[in-house]
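Please take a moment to look over the sequence and the structure, and then read the notes below alongside them.

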Amino acid sequence: MIARVVRAVILAIAVIAVSLVPTPARADERVVIPDACTVTHPYDAASSLTDLKSGIETNWGFLLTGKYWTDETYRPIVAVIWRTLDAISCTPYLDTLHAKVGALELFATSIGGWTAGDYGLTKADAVSLDFPQLLTNYQTDPGHVSRLFVHEMTHAYTRDRSSNPAYWADFTALYAKNGRFGSYGSSASETFSEVVGYFVARCAANNPYTVSEAAYYDFAKNEVFGGKEFGPALGQPVACDATVQDSSGAYESANAAVQAAVADREAAAEEIAANGAEVYGYESLTTDSN
Ligand SMILES: [Zn+2]
């Protein structure tokens, strides 16, 4: 009996030891975001998508819906979302978000037109992400996927802005002085989402963060992310090309996947029209707004 217990304990220790060995990043993966946090849940390319989906729910407190989470075609998108959440997990962002909206729903779907994501438009109270669209973006700008995900999630974060909490009062004062950030968005709400999205996705193409945007950068750093930064200080070069590029053809199937999703998009467009009353008044971020 005791021997059996000892064997069980040894086995348990062995299992823990194996599970603690981090999975090294694959050589063909690009740096999507520099981590602010020490990686606590390394993305494991050998994990099934079912496990990754439930991992995102249990590790970081989201509710994942929609069929694309477990579709291998979209693994690169799931991986970016996983790594983005891990990278921000040591900052106050997720706790603040969950305190406002609980377990936020992330709906993997396809949305009509060029819209790649929205909060509350396609589905009430959910961040909807257009996985076929994002997979297309991923091929040329993987950082865009991270930026867009954070941008839309941040619309949920600012859901309480009508009560003018301190962070919002500070931001709108800054916005009144500094105006738009980058080329997208013409409201304080859109600008806030962009300021936060690009702060995390330092490697996204056409990132507006130069030293001339120090005011927005410092706001995101100090009032949203508890002083943490995703990469070196503003103005220092960010090592986004530190790893080998993806081999060409790795995402050959992307265009076919997009074509296959056209029918889904049309259905989604009808759904959006039918749910017009649920519109929260947010613009959605389109891919031609880089
Ligand atoms: Zn937006």
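How many of the residues of helix H6 are buried? The answer is 16 of its 16 residues, so H6 is mostly covered, where buried means that 20 or more other C-beta atoms lie within 10 Å of a residue's own, exposed means 12 or fewer, and partly exposed lies in between, with C-beta atoms placed from the backbone. This is a predicted model, in which local features need pLDDT of at least 70 and side-chain atom pairs count only at pLDDT 80 or more, while totals for chains, interfaces and linings use all residues. Residues are numbered from 1 along each chain as its sequence is written.

**Helix H6**
- Helices (H or I, at least four residues) and strands (E, at least two) are DSSP runs, numbered from the N terminus.
- Helix H6 covers residues 142-157 and reaches 23 Å from its first C-alpha to its last, close to the expected 22 Å, a span defined as 1.5 Å times one less than the number of residues.

**Exposed residues**
- Gly179, in the loop between helix H7 and helix H8, is exposed because it has 9 other C-beta atoms within 10 Å.
- Asp51, in helix H2, counts as exposed because it has 12 C-beta neighbours inside 10 Å.

**Positive phi values**
- Asp125 lies in the loop between strand E3 and strand E4, and its phi is near 65 degrees, a positive value in a residue other than glycine.
- Asn206, in the loop between H8 and helix H9, has a positive phi of about 55 degrees although it is not a glycine.
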